[in-house]
Amino acid sequence: QGRVVDGNLRKVILYLFATSLDEVAVLLAALLAGLPLPLAAVQILWLNVVTEATLTVNLVMDPADGDEMRRAPIARREPLLGQAALRRMLLLACTSAALGFGWFAWRLARGVAIDQVRTEVFTLTAMCQWFNALNCRSATRSVFDRQSLRNGWLVAGLALSVVLQALVLYVPMLAALFHAVALPPATLLALAGLATLVLAVEEGRKTVARRRGSRRRDSSSGQRSAAQSIDRS
């Protein structure tokens, strides 16, 4: 149970760092490019307080994977964000930031009104955070694995976050408060399709990680077999 708690804390820390760095990177890129801010202050507050809050607590409640006691012991001085986790964090954050800033710059260049573009970036960032919550559940297991839906709390949190985001976009009082405009369904579909690239990039990394892990296990198994043969001889 201690390993389960430790693993879930690492997932949450990875998620929070990746999503926070994503927002900072988008804002910094816009400033350096001399463009308007892609997110209003109240929208950033919403992403940090509401979107993340509906997912982080539920991510902590992830059930055990089942192989915790077959893993190597955790060193006492091992940091909560090791080198591998830092690389994952940068990959997740940079992918989301590139999508957000790229969409922002492209839509501004097409002459779209700034309030609509900010709403689109606001929604795209929230979608990327939804997908990154799924990405952070495991360093190697695919999101499309059947076990990925075992955490009913996380599924419920995702559903709640989607509903709350829809309310912000389509309830006039909330839309005015958060400087948002109602987005047409075609735009929402385009944003959702773009956000899935966050999943695709991380799935590619996981595939490479699984193959490397399989080769290491095969190599270790071969070495043990050779050692046992020598011992018997």
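Which side chain meets Arg10 in a salt bridge? In this predicted model, the partner is Asp6, with 2.6 Å from N to O. Both residues belong to helix 1, where they stand four residues apart, about one turn of the helix. Arg10 has a relative accessibility of 17% and therefore counts as buried. Asp6 is also classed as buried, because its relative accessible area is 18%, and the cut-off for that class is under 20%. Together with Glu78, Asp6 and Arg10 are linked in a network of salt bridges.

**Overall fold**

The protein contains eight helices and zero strands. Along the sequence the pattern reads α-α-α-α-α-α-α-α. Of its 233 residues, 39% are buried.

**Salt bridges**

The count of salt bridges in the protein comes to seven. Three of them are listed here.

| Pair | N to O distance |
|---|---|
| Arg10 and Asp6 | 2.6 Å |
| Arg88 and Glu202 | 3.0 Å |
| Glu202 and Arg205 | 3.0 Å |

Glu202 takes part in a salt bridge with Arg88 and in another with Arg205. The bridge between Arg88 and Glu202 links distant parts of the chain, with Arg88 in helix 4 and Glu202 in helix 8, 114 residues apart. Glu202 and Arg205, by contrast, both lie in helix 8, three residues apart, about one turn of the helix.

The accessibility of these residues can be given one by one. Glu202 has a relative accessible area of 0%, so it is buried. Arg88 is buried as well, because its relative accessible area is 9%. Arg205, at 22%, is therefore partly exposed.

**Largest pocket**

The volume of the largest pocket is about 1,500 Å³. It is lined by 41 residues, and those closest to its centre are Ala84, Arg88, Ser138, Ala139 and Thr140. Helix 1 (2-32), helix 4 (83-109) and helix 8 (185-232) each contribute at least two residues to the lining. By class, that lining consists of 17 nonpolar, six polar and 18 charged residues.

**Nonpolar surface patch**

Which residues form a nonpolar patch on the surface? They are Leu28, Leu31, Leu32 and Leu37, and together they have about 420 Å² of accessible area. Leu32 is located in helix 1. Its relative accessibility is 71%, so Leu32 counts as exposed, the threshold for that class being over 50%.

Conventions:
Residues are numbered from 1 along each chain as its sequence is written. This is a predicted model: local features need pLDDT of at least 70, side-chain atom pairs count only at pLDDT 80 or more; totals for chains, interfaces and linings use all residues. Side-chain values use heavy atoms; hydrogens and water are left out. On a 1 Å grid over the protein atoms alone, a cavity is a set of points where a 1.4 Å probe fits but cannot get out, and a pocket is an open set with protein on both sides within 12 Å along at least five of seven lines; lining residues have an atom within 4 Å of a point. Grid points are joined across faces, edges and corners, and a volume is the space filled by probe spheres set on the points. Ala, Val, Leu, Ile, Met, Phe, Trp, Tyr, Cys and Pro count as nonpolar, Asp, Glu, Lys and Arg as charged, and the others, Gly among them, as polar. Patches are made of residues with over 30% relative accessible area and no salt bridge: like charges are joined within 9 Å, nonpolar side chains (Val, Leu, Ile, Met, Phe, Trp, Tyr) within 5 Å. Accessible areas come from the Shrake-Rupley method with a 1.4 Å probe; for residues, only the protein chains shown count as cover. A salt bridge is a side-chain nitrogen of Lys or Arg within 4 Å of a carboxyl oxygen of Asp or Glu. Buried means under 20% relative accessible area, exposed over 50%, partly exposed in between (1.4 Å probe, protein chains only).
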